[in-house]
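Me: Please take a close look at one part of this model for me. I would like to understand the place where the two chains meet.

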Amino acid sequence: MFGLDRDQAIGTLLLIALLIIAPFILYPVFVMQLLCAALFACAFNLMIGYVGLLSFGHAAFFGMGCYVAAWTMKHWHIDALAAILMGGVAGAALGLPLGWLAIRRSGIYFAMITLALAQMVYFFCVEAPFTGGEDGIQQVPRGHLFGFINLNNDMAMYWLVAAVFLAGFLLIHRIVHSPFGQVLKSIRENEPRATSLGYRTDDYKLIAFVLSTCLAGVAGGAKALVFGIATLTDVHYSTSGEVVLTTLLGGLGTVFGPVVGAAVVVSMENYLARFGDWVTVTQGAVFMVCVLAFRRGIVGEIAARLKLSL
Amino acid sequence: MFMILGVPGPLLFGQVLLGLINGAFYAMLSLGLAVIFGMLNIINFAHGSFFMMGAFVSWMLLNYLGIGYFPSLILAPIIVGAIGILLEKTLISRLYKLDHLYGLLLTFGMSLVVNGLFRNYYGSSGMPYDIPGVLNGAQNLGFMYMPIYRGWVVVAALVVCLATWIAIEKTSLGARLRAATENAPMVQAFGVNVPRLVTLTFGGGVALAAFAGVLAAPIYSVNPNMGDNFINTVFAVVVIGGMGSIIGSVITGFGLGVIEGLTKVFYPQASATVVFLVMVIVLLARPRGLFGRMV
């Protein structure tokens with residue numbers, strides 16, 4: 001099911017068990033923050049891990065998801081799940097034109113172009129009236145799920161976020177292990193060869209990009225509802241850098257890496273928050289250590305040691 | 001007051017001048033990026049941090065040692081260039097055999113560490129750095145008043161860009177460098193110490209960023225985020241120009257600065273995004289960049 005092999009199925013069951021236990025042990029809002037970051041990282045991992053393209057502008061889609069979910073929730077008072085999905089629609093709608101532009105180049109240029117395009121989105125969000133500029137969109141209500149479940153209760157909100165996360169996680173897994181995903185991997189390994197076999201590699205890359213940005217938007221939408229706020233930080237390029245770090249630390253191209261990475265990065269941010277800019281320094285240092293000594297990431301290393309496919 | 005296209009002349013020329021100044025920084029920074037990329041095949045994400053360090057080192061030289069602006073213009077690039085060389089030797093050189101993306105990620109991590117450290121010790125608000133006395137004041141050009149320092153920045157940037165061009169295109173060291181960019185193993189076989197050449201190139205590119213930082217210190221306040229503000233735009237400049245040629249980087253840098261300045265006059269809302277819009281157009285029409293080779 002979902003293309004999971006035995007190791008991964010066991011891992012997924014373990015993950016589901018953790019999802020069920022977590023809110024009783026940890027502060028639910030913290031776990032929700034973690035899950036939003038994890039879904040965002042999984043979406044990002046779809047591009048870097050399976051297509052081999054490093055997007056340095058994923059904050060644009062995450063942030064736009066935040067804004068759109070927050071705006072629709074606040075002004076249209078729609079269902080909470082609908083608002084989160086609106087975030088996904090926003091991510092995909094933005095990802096389509098930007099991806100169409102960015103896939104014209106690959107490698108380092110792809111990273112620079114996505115960074116620059118995301119910067120454009122950032123400046124747009126600074127100027128555009130609907131984002132509230134520096135103030136952002138504040139006091140977004142969490143609303144109701146299916147009209148009758150009040151999400152102001154943290155636990156109710158938690159189950160929704162957990163369900164959205166799990167759906168996104170399994171969807172990505174399904175995508176990666178479908179015939180479509182196999183073509184993506186072949187593009188990563190040898191693009192000219194994939195082309196010569198008759199695949200329109202640009203179409204595949206674009207579809208993967210849009211799927212990735214859509215899920216990034218969903219993650220953003222969920223985050224906007226959890227915290228009731230959408231701000232410029234969510235579209236800022238430091239957020240793009242953070243998702244790169246999260247995925248790299250967990251393990252590029254692994255199934256569980258982004259989730260583990262998110263757990264580490266979000267905990268680090270929470271516990272180091274009182275040290276101000278030392279968070280940035282620590283993140284940078286972790287980045288450097290990962291790149292220099294630890295390129296497979298946490299899950300990648302474990303999987304290689306134990307010879308598992310995680 | 002005379003008008004051009006419905007805009008007061010002095011306003012127009014003032015913005016063009018400001019654009020030229022921003023363009024001077026774009027040119028110097030994208031030039032350094034291009035030189036480093038040509039030789040090391042990495043995108044130096046920490047370039048903005050080295051730019052910021054250039055400004056900070058000149059501020060420190062003045063406030064801790066009493067060394068003024070003009071010696072700083074020489075000393076700061078040397079000091080920051082040495083730091084760059086140290087980082088290249090100890091860290092970056094380990095990544096040459098890997099995918100180029102790892103170089104980008106490593107230097108991104110470096111920039112986080114450096115910027116974070118400076119923010120910790122100096123805060124984000126910024127410190128003033130006075131314009132040196134000789135370059136203070138303004139000159140009446142007839143059609144507008146030009147602050148002398150601004151003119152100096154444009155001239156100094158042009159001179160440095162020209163010097164870089166001469167060093168790479170007209171000297172024997174430059175010839176070796178270009179040869180090593182084309183085919184490093186072959187050049188090594190001829191007895192040229194290529195790793196040393198690579199290190200020197202990185203140091204040179206970093207020194208160029210630091211020089212730009214010293215020039216920028218009196219214009220923008222010296223603060224840890226000054227590099228960040230520039231570097232994203234510079235990446236767009238690099239995509240627009242392509243990284244194939246030195247002259248290309250310089251022309252693209254100045255040109256985009258002026259376009260940005262003009263946008264401030266005619267449609268201010270778009271001034272922050274116009275460079276990125278140009279990038280989109282270039283990507284549609286000529287994906288390799290205006291002066292670039294297809295990679």
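Reply: Start with the area. Chain A and chain B bury about 3,800 Å² between them, and carbon and sulfur atoms give 79% of that. In chain A, the residues that lose the most area to chain B are Ile108(A), Tyr109(A) and Met112(A). Together they make up 16% of what that side buries. Keep in mind that this is a predicted model.

Now the residues. On one side, 39 residues of chain A are in contact, and they meet 47 residues of chain B. Polar links come next. Two residue pairs are in polar contact between chain A and chain B, both at pLDDT 80 or more.

Which helices of chain A supply at least two residues each to the side that touches chain B? They are helix 4 (80–102), helix 5 (107–127), helix 10 (237–250) and helix 12 (278–293). Helix 5 of chain A gives the most, with 13 residues. By class, this side of chain A has 27 nonpolar, seven polar and five charged residues.

Next, the nonpolar core. The largest one has 213 residues. Leu54(A), Phe25(B) and Leu215(B) touch the most other members. Helix 2 of chain A, residues 28–51, brings the largest share of this core, 19 residues.

Leaving out residues up to four places away in sequence, Leu54(A) touches Phe44(A), Ile48(A), Phe110(A), Ala111(A), Thr114(A) and Val244(A) in chain A. In chain B, Leu54(A) touches Leu101(B), Leu104(B) and Leu105(B).

Key: Residues numbered from 1 in each chain as written. Chains lettered and ligands numbered in written order. Predicted model: local features only at pLDDT ≥ 70, side-chain atom pairs only at ≥ 80, totals over all residues. Heavy atoms only, no water. Contact = heavy atoms within 4.5 Å. Buried area = accessible area lost by both parts, 1.4 Å probe. Polar contact = N/O pair within 3.5 Å; in protein donor to acceptor, adjacent residues only side chain to side chain. Helix = DSSP H or I, 4+ residues; strand = E, 2+ residues; numbered from the N terminus. Nonpolar A, V, L, I, M, F, W, Y, C, P; charged D, E, K, R; others polar. Core = buried A, V, L, I, M, F, W, Y, C linked by side-chain atoms within 4.5 Å. Buried < 20%, exposed > 50% of the residue type's maximum accessible area, 1.4 Å probe, protein only.
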